[in-house]
Amino acid sequence: MSLRQIRVFPDPILRKKCRTVRRVDDKVRELAQDMLETMDAAGGVGLAANQVGALQRVVTLHLPGEESGIILVNPEIRDTQGEREVIEGCLSLPGYEGMVKRSMIVKARWLDENGSKIKVTAENLFAQALEHEVDHLNGILYVDHLHEHEKLAAAGTHIAEGQPHMHDLEVELHVEHNNDDSKPSESDVEVVHSTIKFSDLYSQSSVDQMQYDLRLAGYVLDSVKPLESETDLT
Ligand SMILES: [Zn+2]
C-alpha cells in the first residue's frame, strides 16, 4: 500500500468522468487500498478515484465512529428522498466549505472489493458522502451545487454579502514532475490550462490561498489573469 497524491482544484482530472470497472481484480483492490490509506491520512470521510488521478469508478468511505473504511466499486444512486442543507468540504478544495442541498435518504448499490453486490439505504453523513463521491466520479464538485457564491467561504469564516469579489480567471500551471537528481527536462513539465469560475472562488484572499495550496501540492503557478470575456454575474 502507498499514499497517493490528492489532486486539488483546478486540476482538470477532477472534471473528468470515471469509467465503469469491468472486473474487480487485484489492480482495482490495490488502487482502493491506496485510496483508503490516502483518505485516512488526510482525515477525509470519502475519496473518489479521480481525486488520486485514476479514472475508474472507485470510491472509499470512512465514516466517523466506524472502525475501518469501505470500498465501493461502480457505486450508483438508485433513489433519493427529502432535502436538507448541509455544510460540505472536499479534500480537493482544501480550506473551504460551503452550504449545499443534499438528500435526506439515499438508496445506493455498488460492488465491494470482492465483487459482491451491496445495497444500502443511507441517511445523514453516509447519504451525503455517497452523493458527494458519486458526483466526483461524474466530474462534479460540491461547489457546482452552491446556489450563491457568497456561500463558499474559507473554512470557519463567514463572508458578508456585498463584499468585493473577482470574476472568472484563466489559470496556467506549469506542473513540474519532481526529479531530485536532475533539473526538469521538457518532458517533465506539463502545462495545464484551467478556468476558475467566479462561483467557485472569488475573493483575492481565496485566490491567494488557492495559489498557496497549489504550491504546497507541488504546482508552479505561472499566471492568473481575468478572462477577457468576463461577464459580471453578481
Ligand atoms: Zn470531494
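1. Helix 1 lies across strand 1, strand 2 and strand 3, and runs at about 35° to strand 2. Contact here means heavy atoms within 4.5 Å. Axes are lines fitted to C-alpha atoms, for helices over the stretch in contact, and angles run from 0 to 180 degrees between N-to-C directions. Helices (H or I, at least four residues) and strands (E, at least two) are DSSP runs, numbered from the N terminus.

2. The model is predicted: local features need pLDDT of at least 70, side-chain atom pairs count only at pLDDT 80 or more, and totals for chains, interfaces and linings use all residues. Residues are numbered from 1 along each chain as its sequence is written, and side-chain values use heavy atoms, with hydrogens and water left out.

3. Helix 2 lies across strand 1, strand 2, strand 3, strand 6 and strand 7, at about 120° to strand 7. These 5 strands form an open sheet in the order 1-2-3-6-7, with antiparallel pairing; two strands pair if DSSP finds at least two bridges between them. Strand 1 (46-48) and strand 7 (117-123) stand at the edges with a single partner strand each, so one side of each has no neighbour in the sheet. From one strand to the next, the twist averages 40°.

4. Within this sheet, strand 2 (residues 58-61) and strand 3 run antiparallel and are joined by 4 bridges. Threonine 60 has isoleucine 71 in strand 3 as its bridge partner.

5. Buried means under 20% relative accessible area, exposed over 50%, and partly exposed in between (1.4 Å probe, protein chains only).

6. Strand 4 and strand 5 pair in the antiparallel sense over 5 bridges; glutamate 88 has glycine 98 in strand 5 as its bridge partner. Strand 5 has a covered face, made up of Tyr96, Gly98, Val100 and Arg102, and an uncovered one with Glu97, Met99 and Lys101. In a regular strand the side chains alternate between the two faces of the sheet.

7. The whole structure contains 9 salt bridges, each defined as a side-chain nitrogen of Lys or Arg within 4 Å of a carboxyl oxygen of Asp or Glu. One of them joins aspartate 34 to arginine 4, with the closest N and O atoms 2.9 Å apart. Aspartate 34 lies in helix 1 (residues 26-42) and arginine 4 in the segment before helix 1, so the pair ties together parts 30 residues apart in sequence. Aspartate 34 is buried, at 2%, whereas arginine 4 is partly exposed, at 29%.

8. Glutamate 76 forms a salt bridge with arginine 109, with the closest N and O atoms 3.6 Å apart. This pair links strand 3 (residues 70-81) and strand 6 (residues 105-111), the two residues being 33 residues apart. Salt bridges that share partners join Glu76, Arg78 and Arg109 into one network.
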